Amino acid sequence: MRSPREIAFRVRQELANLRLAAIPPSPAVQVSSPLPLLPDSEAVVQALRGGVFAERVLELADGIVRREIPLLGYVLHAEPPVAWNRDYIHGRDAPGGYFRRVPYLDFHRAGDHKIIWELNRHQHLVVLAQAYRFSGRRAYLDMLTAEIDHWITANPFARGINWVSALEVALRALSWIWVFHLTAGEWTDSFRARFSTALYQHGRYLEENLSLYFSPNTHLLGEGLALHALGVLFTRFPRAAAWARTGANIVREQMRSQVQEDGSHFEQSSYYHVYALDMFLFHAVLTSPDEWFRAGLARMADFLDALLGDGAMIPLLGDDDGGRLFHPYGERCRFGLATLATAGVLLGRPEWIRSRGDLEEQACWWLGGRVFSHAPAVRRVRESQLFPSSGLVFLRSRTAELVIDAGPFGPGSAGHSHSDALSVIARDGDTELLVDSGTFTYVSDPALRDWFRGSAAHNTIRVDGRNQAQAAGPFRWNDPPRVVIAQWHSSADRDFLDAFCEYSGFRHRRRVLWLKSEREPFAVLVDDICAVDADSDREHLVEQFWHAGAAVEPLGHGCYRIGRMR
């Protein structure tokens with residue numbers, strides 16, 4: 001049921017969209033480069049040229065020029081002219097027409113929209129811009145401008161799948177900002193004018209299509225971030241001041257509503273935590289954040305530091321969409337290192353900078369060459385820890401660690417949560433012992449989407465073949481479980497957790513004793529299942545799942561050794 005306020009908002013939104021689609025905005029404004037508030041790119045290029053990151057960028061750019069575009073673990077072979085509405089992996093084209101009528105969630109009619117949208121974020125064009133600055137090779141710049149020029153022609157304002165999602169419009173606008181900042185000094189006046197009009201149209205679309213009701217999560221946060229960035233960086237745009245105010249207000253409000261007291265992101269997804277923190281950090285780059293905002297950043301960064309652990313890899317709890325706000329290339333489980341290093345520079349916390357290389361992917365582009373004066377500091381030894389808002393528990397002994405998800409599903413429809421309550425992940429440094437199975441897909445295969453987010457894909461219990469909640473489409477759960485931490489104790493030599501999860505008339509209680517031997521840490525885990533409202537007189541199927549990331553050695557009597565851990 002929608003409130004009268006929401007209905008009125010949606011009516012106004014649709015009328016505005018129809019007006020804009022009928023007469024696309026076209027201000028007679030040309031913007032100048034380089035952009036204010038962003039660092040001197042020449043100093044960054046000089047600092048990185050000839051280094052590992054620059055060589056990796058040039059290698060990526062050479063592949064892109066050969067029409068080999070890395071994307072979500074695939075390599076797309078997109079020969080010119082690029083079909084911007086095509087899911088190149090599954091060979092399906094999304095229909096055109098007014099954006100509200102595009103069936104983007106219907107895989108059979110539109111393909112996997114995630115594949116299409118990821119290509120249309122144009123982050124590969126930022127790589128070409130960086131490569132041009134490193135090398136001066138004209139081929140990179142020529143392809144970059146040709147791709148944008150063709151995109152503008154092939155994607156008329158408010159028409160086609162690439163105008164369906166306001167977040168995707170926002171992410172493309174952010175990529176265009178970087179492309180402009182790095183290379184616009186070499187553009188022709190005619191292309192600069194064409195680009196300026198198209199970028200302004202992105203801003204007008206965002207202004208009218210903010211996800212205030214549809215997806216008030218990272219969607220709204222990303223849209224507010226981009227709208228504010230357009231307003232403060234392109235001050236000659238007719239509505240720049242209004243965009244800056246609206247975007248800034250959204251980002252601050254989302255800091256208040258999305259960041260929990262323990263620093264975790266409210267969607268209960270480790271990957272989306274990195275996404276959100278990057279968005280908040282980039283907003284801070286463009287503003288002078290007050291202490292309240294900086295404190296929120298610090299809490300989020302501290303939570304990310306715990307997620308990364310000694311092995312510098314985040315466990316992929318909840319959904320993982322494969323993307324990234326800036327430079328989505330490399331190992332996804334290590335994306336958080338560049339995010340944490342950026343926070344380390346911005347907040348003066350060198351212990352969050354694991355290595356100089358972690359500054360090269362993101363921090364130096366956002367904050368300038370000064371970041372290299374921030375030397376990595378010795379990382380503090382983290383003790384066992386409970387993050388009460390998220391329910392994540394970290395049981396630590398030297399480098400060995402258990403991570404237990406004893407928290408609830410996310411709020412609302414819990415669209416990015418998995419059925420993983422009381423699941424255990426085990427790791428020893430960068431060796432994964434018990435793993436989370438990940439996400440695999442969003443919409444291309446509904447059966448596999450449901451399996452990978454189901455209980456059987458996690459190191460937990462399943463009763464009578466049921467998940468802990470009922471899947472109701474790719475981004476909705478009904479009847480989420482009640483998850484409670486009954487006891488938590490931590491001392492120098494041992495930790496103890498007692499938590500339970502109630503769903504479908506059953507209670508799953510899991511107790512974990514963690515003995516902190518430095519030579520051979522030892523975990524005792526006991527599961528109890530009892531009926532609360534279910535029929536206790538008949539037999540029930542109880543399954544206990546373990547997903548090992550390393551060789552398993554049976555020791556007998558229900559004991560196993562995985563790596564150094566039993």
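Leu-15, in helix H1, counts as partly exposed because its relative accessibility is 46%, where partly exposed lies between buried (under 20% relative accessible area) and exposed (over 50%), with a 1.4 Å probe and protein chains only. The model is predicted, so local features need pLDDT of at least 70 and side-chain atom pairs count only at pLDDT 80 or more, while totals for chains, interfaces and linings use all residues. Residues are numbered from 1 along each chain as its sequence is written, and side-chain values use heavy atoms, with hydrogens and water left out.

**Surface patch**

- Together with Ile-7, Val-11 and Leu-18, Leu-15 makes a nonpolar surface patch of about 360 Å²; such patches consist of residues with over 30% relative accessible area and no salt bridge, their nonpolar side chains being joined within 5 Å.
- A salt bridge here is a side-chain nitrogen of Lys or Arg within 4 Å of a carboxyl oxygen of Asp or Glu.

- When residues up to four places away in sequence are not counted, Leu-297 touches Met-255, Leu-277, Phe-280, Leu-281, Ala-284, Leu-346 and Leu-347, a contact being heavy atoms within 4.5 Å.

**Cis peptide bonds**

- Most residues other than glycine have a negative phi, and most peptide bonds are trans.
- Ser-33 and Pro-34 are joined by a cis peptide bond with omega of about -5 degrees, and Pro-34 is found in the loop between helix H1 (4-22) and helix H2 (41-48).
- The bond from Pro-80 to Pro-81 is also cis, with omega near -10 degrees, and Pro-81 is placed in the loop between strand E2 (74-77) and strand E3 (86-87).

**Positive phi values**

- His-122, in the loop between helix H5 (113-120) and helix H6 (123-135), has a positive phi near 65 degrees and counts as buried at 0% relative accessibility.
- Ala-414, in the loop between strand E7 (400-405) and strand E8 (423-428), has a positive phi near 55 degrees and is buried, with a relative accessible area of 5%.

Definitions and conventions. Helices (H or I, at least four residues) and strands (E, at least two) are DSSP runs, numbered from the N terminus. Patches are made of residues with over 30% relative accessible area and no salt bridge: like charges are joined within 9 Å, nonpolar side chains (Val, Leu, Ile, Met, Phe, Trp, Tyr) within 5 Å. Accessible areas come from the Shrake-Rupley method with a 1.4 Å probe; for residues, only the protein chains shown count as cover.
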